[in-house]
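Here is a short report on one structure.

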Amino acid sequence: MFELQAVLGFFIVFGILKWVYGSPKIKDAEPPPDNFGTKEVPFGRTDPKTFDEYKGQERVKRLLKLTLDTVFHNPHPKLLLVAPKGVGKTALAKIFAHAYLQKIRQHAPGSGRYIELVASTIRNKADLDNFMRRLRLWDVVFMDEVHLLRRRHADTLLTALAENRYPFAEGMSELPTSFVWLAATTDVGLLPEAFRDRFQVIKLDHLDIAALTEIAMSQDLPVAREAAREIAVRAVGYPREIKRVYARARDVALQAGSSEVTLEHAQVAFDLIGLDSNGLYPEDYEVLKVLYEHPKFYAPRKDGTRPMRYAQSERVVRALTGMDESLYRDSVEPKLLRLGLITVSSAGRELTDKGLALVKSLRKTR
Ligand SMILES: Nc1ncnc2c1ncn2[C@@H]1O[C@H](COP(=O)(O)OP(=O)(O)OP(=O)(O)O)[C@@H](O)[C@H]1O
Ligand SMILES: [Mg+2]
């Protein structure tokens, strides 16, 4: 009886010690667990799926193809795509992931998964541990909005990716010998500096009219060239705008029983969504109008004149337009800055001469 208790006791103690100190190693050969990641990259129906279908950004595409061609020599590419909203980061990351998975499957059939990781879902170290524990050989991870990752988790992750081992709660463990890490952000300035050092930073530019016209012409319904060009002009550099206008213009064409989107259909779509020939929406004009109608006045000079500037703080602009923070910061302000209609100055957000001329011209036509 005593012997039985001693043997049982030994196994219980051994089990507890193993549980506490054992460090389960991530084995490259282990099959993927549960439903983590997907075998195929989940493209949207109208998303570009290959580098050829992804228009413009030629330099960036060459760089990514180079990374793909040398992936067996450099098995841990870490790429950070940086661009304003709607310029094509997610689309490009998915195309790269798809091409990568195709390539490695020629080498290791059936392997590799696409894993999307939304940075804001990593609330604590246990979440990050849980994620890293499930990583397997040949996986490709895409972390969107990476600037939302908390600082201490970003530091842990960066060190792990550099050293290829990760500090799990149970102890240090090696990471799989090969996987790709893609990240995307609209604001590289919000990231720890180490991120910019350890990741290859790839900046995407706004698209030119030729590339935007091509996108408009490569949707499911044919689009007349002059319609595609006008849509491209009003998209002012943003491929997402092409998609938005095209979707309405196609509906207008279909409603009219047409098998092609003409310039007339596009004009109806512009009116319906409120996009004018300057590529501006009513909310963009709201900001310009507020700056014009609520200028900042400064203390009078000695000669009695009162200096004035068409400027306000961002907070006041948002309060006066009633615009929510993310719409203002992510979409409206970057576009107005890019079009040279406002500027960020010591006085806050300020109308440029071009912005002032535009507001004045509108007032004249009313
Ligand atoms: N170069 C391109 N060629 C064809 N379609 C494109 C291109 N760039 C973007 N698109 C399309 O434009 C839309 C917006 O692109 P995407 O979602 O990749 O932008 P994003 O930079 O990830 O934006 P966000 O910061 O809001 O996430 C998508 O429908 C995408 O398929
Ligand atoms: Mg995106």
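## Terms and model

Helices (H or I, at least four residues) and strands (E, at least two) are DSSP runs, numbered from the N terminus. The model is predicted: local features need pLDDT of at least 70, side-chain atom pairs count only at pLDDT 80 or more, and totals for chains, interfaces and linings use all residues. Residues are numbered from 1 along each chain as its sequence is written, while chains are lettered from A and ligands numbered from 1 in the order in which they are written.

## The shell around ligand 1

Ligand 1 is surrounded by 19 residues. A residue is counted as near if its C-beta atom, placed from the backbone, lies within 6 Å of the molecule. The closest are Gly88, Lys89, Thr90, Ala91 and Pro239. Helix H3 (89-107) and helix H9 (239-255) each give at least two residues to this shell.

By class, the shell holds seven nonpolar, six polar and six charged residues. Here Ala, Val, Leu, Ile, Met, Phe, Trp, Tyr, Cys and Pro count as nonpolar, Asp, Glu, Lys and Arg as charged, and the others, Gly among them, as polar. Domain 1 (33-203) and domain 2 (209-273) both supply shell residues, so ligand 1 lies between them. The domain bounds come from an automatic or database domain assignment.

## Helices H7 and H9

Helix H7 (residues 209-217) packs with H9 at an angle of about 35 degrees, and their axes are 10 Å apart. Axes are lines fitted to C-alpha atoms, for helices over the stretch in contact, and angles run from 0 to 180 degrees between N-to-C directions. The crossing is right-handed, meaning that the near helix is turned clockwise from the far one by less than a right angle.

H7 brings Leu212, Ile215 and Ala216 to the contact, and H9 brings Pro239, Ile242 and Tyr246. Two residues are in contact if their C-beta atoms, placed from the backbone, lie within 7 Å. The contact has six nonpolar residues, no polar and no charged ones.

## The three-stranded sheet

Three strands make an open antiparallel sheet in the order E10-E12-E11. Strands pair if DSSP finds at least two bridges between them. Strand E10 (311-312) and strand E11 (342-345) are at the edges with a single partner strand each, so one side of each has no neighbour in the sheet.

Four bridges join E11 to strand E12 (residues 348-351). These two form a hairpin with two residues between them. Thr343 stands opposite Glu350, and Val344 opposite Arg349. E10 is joined to E12 by two bridges, with Gln312 opposite Arg349. Helix H11 (residues 282-293) lies across E10, E11 and E12, at about 90 degrees to E12.
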